[in-house]
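Dear colleague,

I am handing over the structure we spoke about, and you will find the sequence and the coordinates just below. After them I have set out what was found, going from one pair of elements to single residues and then to the chain as a whole.

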Amino acid sequence: MLMARSFMDLIWDYAVFVVFIIFSTLYPLWGRFFGKKEKTKADYVFGLGTISMGAMMLSIARGTLGVRSVLGYPSELFYRGSAMWETLYGMVTAYPLVCFIFIPVYFNLGVTSVYQYLDLRFNSRLVRCLASGTYIVRSLLNLGVTVYTPTVAMNTVIGIPYWASLIGISAISIGFNLLGGLKAAITADVIQSVTMILISVGIIIQSMVTVGGFGQIFTIPANDGRLSFFNFTGDATVRVDTTSAWLGQLFMSLSVFGCQQNFVQRYLSMGTFKEVRRTLMSNIPVVIALFCLAWIVGMGVYAVYAVCDPMKAGYTNKMDEILPFFVEDKFAYLPGVLGIFMASLFNGALSLNVSNLNSLATVTWEDFLSHLPRYKGISDKQQLNVIKFIGSIYGVIVMGVGFSVGLLSGVIESSMLMTSATSGPLLGVFLLAMLVPIANWKGAACGMIVSHILTLWITFGSLTVSKEVVLLPTTIEGCTNDTFSSGITKPTKSWLLANTPLEVESEFPYFDTTTHAPLERTIGFPENIYSVSYMYYSLIGTFLTVVVGALVSVLTAHADDAYDRKLLHPFAYYCSKLFPGKERRYISNPDIRPKDVESADSGTKKSPLDELERDNHGFDTVSEQSGVTVVSVDPLPPKLDRPEVYRKTADPEADR
């Protein structure tokens with residue numbers, strides 16, 4: 001990407017890089033060597049409530065924004081303007097919806113994998129496996145891209161071979177997986193978040209010094225058309241406008257925050273619903289601040305290079321290289337800054353890999369392996385060892401996907417397409433389960449399958465349509481011999497860099513870098529469908545899943561579809577009682593139990609859900625007897641003379 005410098009010129013950067021990686025790796029694991037170690041599966045998966053709210057907030061924000069906030073947003077503003085900035089509306093809207101729709105339903109169900117909820121709700125292994133299998137495949141592809149992205153930058157900036165970086169990230173991730181757990185992963189997220197905040201502030205200060213004040217950081221981009229908000233085009237084929245940014249990001253965020261294991265796992269690691277609610281709502285200003293910080297960094301970088309675009313001048317090859325170029329160019333006088341910046345990219349991929357390996361292993365165990373006969377009845381310690389082993393295997397698989405990305409550039413695009421196409425079906429099946437009382441397993445399975453087929457058809461069909469990608473104009477008229485620091489030279493363009501896009505954080509596929517000349521063409525069916533912006537794919541997938549699922553459920557309704565009403569959202573349950581007709585039959589499921597919470601005083605487990613106080617509105621109350629916050633979905637039913645028996649196959653005769 002950038003310039004070639006001698007080893008001695010970069011010796012401080014190498015030293016800082018190595019020291020930071022060692023520190024950020026060993027510090028989160030320090031307590032595992034010299035403190036309390038995980039003794040149970042719950043310790044490993046949930047951290048036993050030892051994680052502070054502040055750390056949890058930074059970890060959730062870190063997972064929300066990801067590596068793309070470091071490289072992608074500054075380059076997006078530089079070359080395309082602020083349209084994607086408005087995805088913030090969707091993120092912010094998603095938090096309260098997740099807090100009051102998703103969390104009350106499964107917080108106290110006693111589940112380890114979020115996809116266990118679907119099995120409880122639909123009595124269907126098929127629906128559960130469809131959802132968890134989609135998550136696993138999508139995550140593996142995304143992680144392969146995530147761990148590969150910084151290796152290209154490190155190879156081209158400080159000369160570390162991409163294969164060495166890839167092996168390093170994977171080896172450290174596997175070590176984290178074996179020695180740490182959720183708490184260690186969150187600690188790594190906190191280190192990464194704090195480091196990137198400091199680096200971003202440093203870049204903004206350097207930009208201010210270069211252009212002559214903080215006001216210029218806003219004035220120059222605004223004058224050059226980089227800041228344009230509230231653009232309602234009404235055209236679904238436009239790459240992104242205000243409507244698609246808000247709606248598209250809203251549905252994708254709901255799918256990620258509310259239906260993805262690595263996020264839900266963090267919510268369930270907290271002790272009470274009140275704590276989850278406080279953390280999520282308090283996280284909104286944190287996400288806003290961190291999100292806007294990355295865009296202000298982009299404004300500062302643009303203000304510095306407004307009259308001399310490094311890519312147009314031939315000093316960089318791709319859009320996402322602009323920020324690393326800025327760091328090496330403008331911080332050349334301060335040895336070590338480039339090293340810590342590159343180490344942060346390395347650590348960013350590392351921490352994302354670690355937390356996702358934990359979640360992938362948990363989902364694989366709970367949703368697939370734990371039901372096999374050979375694993376029936378094994379001890380909690382053995383389960384923990386199996387989960388750690390699965391996570392290590394996934395670490396190797398992710399490394400293999402990363403190597404494939406380096407050889408086959410199409411893998412990146414495939415991963416991006418898979419993400420956008422699967423967010424909708426995942427969200428849709430959870431909405432069916434929580435908000436549609438009549439939904440059954442046949443409708444849920446059909447809805448997901450139909451939605452997957454149609455959204456994948458649209459997604460891959462879009463590759464056959466030539467689309468105009470408009471980049472805002474840049475100039476090199478102001479370039480002089482003193483524009484860039486001494487020692488910077490134009491790069492030689494290798495085959496690998498020429499054929500490997502540097503998109504960041506494929507969880508949100510926003511940063512395609514290919515440009516096309518405008519084409520005059522008449523669009524008919526199905527090209528008009530293929531031309532729809534990918535920002536709408538998650539909305540389309542959700543709509544298809546819910547509509548098809550509801551229709552099939554109505555047509556295939558059966559007495560065996562009965563389920564425990566605690567699996568339905570309180571609001572949906574109470575609304576369903578307002579409709580005329582025969583009252584829906586519900587049954588009690590003994591597999592639904594509250595989270596096990598250990599008492600700080602006695603170390604004993606709390607009592608089951610039916611022994612705790614519950615309110616009528618689905619929010620939290622605290623039992624004086626147990627001290628456990630409980631989320632309820634309806635009043636306690638009247639006690640029967642005989643206990644109600646949960647049956648997967650209902651017997652109508654037994655109900656009489």
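To begin with a pair of helices, H12 and H15 are roughly perpendicular to each other, because angles of 65 to 115 degrees are counted in that way. Please keep in mind throughout that this is a predicted model. Helix H12 covers residues 261–268 and helix H15 covers residues 337–367, and the two pack at an angle of about 90°, with their axes 9 Å apart. On the H12 side the residues that take part are Gln 261, Asn 262, Gln 265 and Arg 266, and they meet Ser 355, Asn 356, Asn 358, Ser 359, Thr 362 and Val 363 in H15.

Helix H15 also holds Leu 360, a residue that is buried, with a relative accessible area of 0%. Although Leu 360 and Gln 261 are 99 residues apart along the chain, their C-alpha atoms are separated by 7.7 Å. If residues up to four places away in sequence are not counted, Leu 360 touches Tyr 135, Ile 136, Ser 139, Leu 140, Leu 143 and Tyr 394.

Leaving aside neighbours within four places in sequence, Asp 564 is in contact with Tyr 586, Ile 587, Ser 588, Asn 589 and Ile 592.

The chain exposes about 26,400 Å², of which carbon and sulfur atoms supply 64%. Where contacts join residues at least 6 apart in sequence, 84% of those contacts are between residues at least 24 apart.

Technical notes. Residues are numbered from 1 along each chain as its sequence is written. This is a predicted model: local features need pLDDT of at least 70, side-chain atom pairs count only at pLDDT 80 or more; totals for chains, interfaces and linings use all residues. Side-chain values use heavy atoms; hydrogens and water are left out. Axes are lines fitted to C-alpha atoms, for helices over the stretch in contact, and angles run from 0 to 180 degrees between N-to-C directions. Helices (H or I, at least four residues) and strands (E, at least two) are DSSP runs, numbered from the N terminus. Angles under 35 degrees count as roughly parallel, over 145 as roughly antiparallel, 65 to 115 as roughly perpendicular and the rest as oblique. Contact means heavy atoms within 4.5 Å. Accessible areas come from the Shrake-Rupley method with a 1.4 Å probe; for residues, only the protein chains shown count as cover. Buried means under 20% relative accessible area, exposed over 50%, partly exposed in between (1.4 Å probe, protein chains only).
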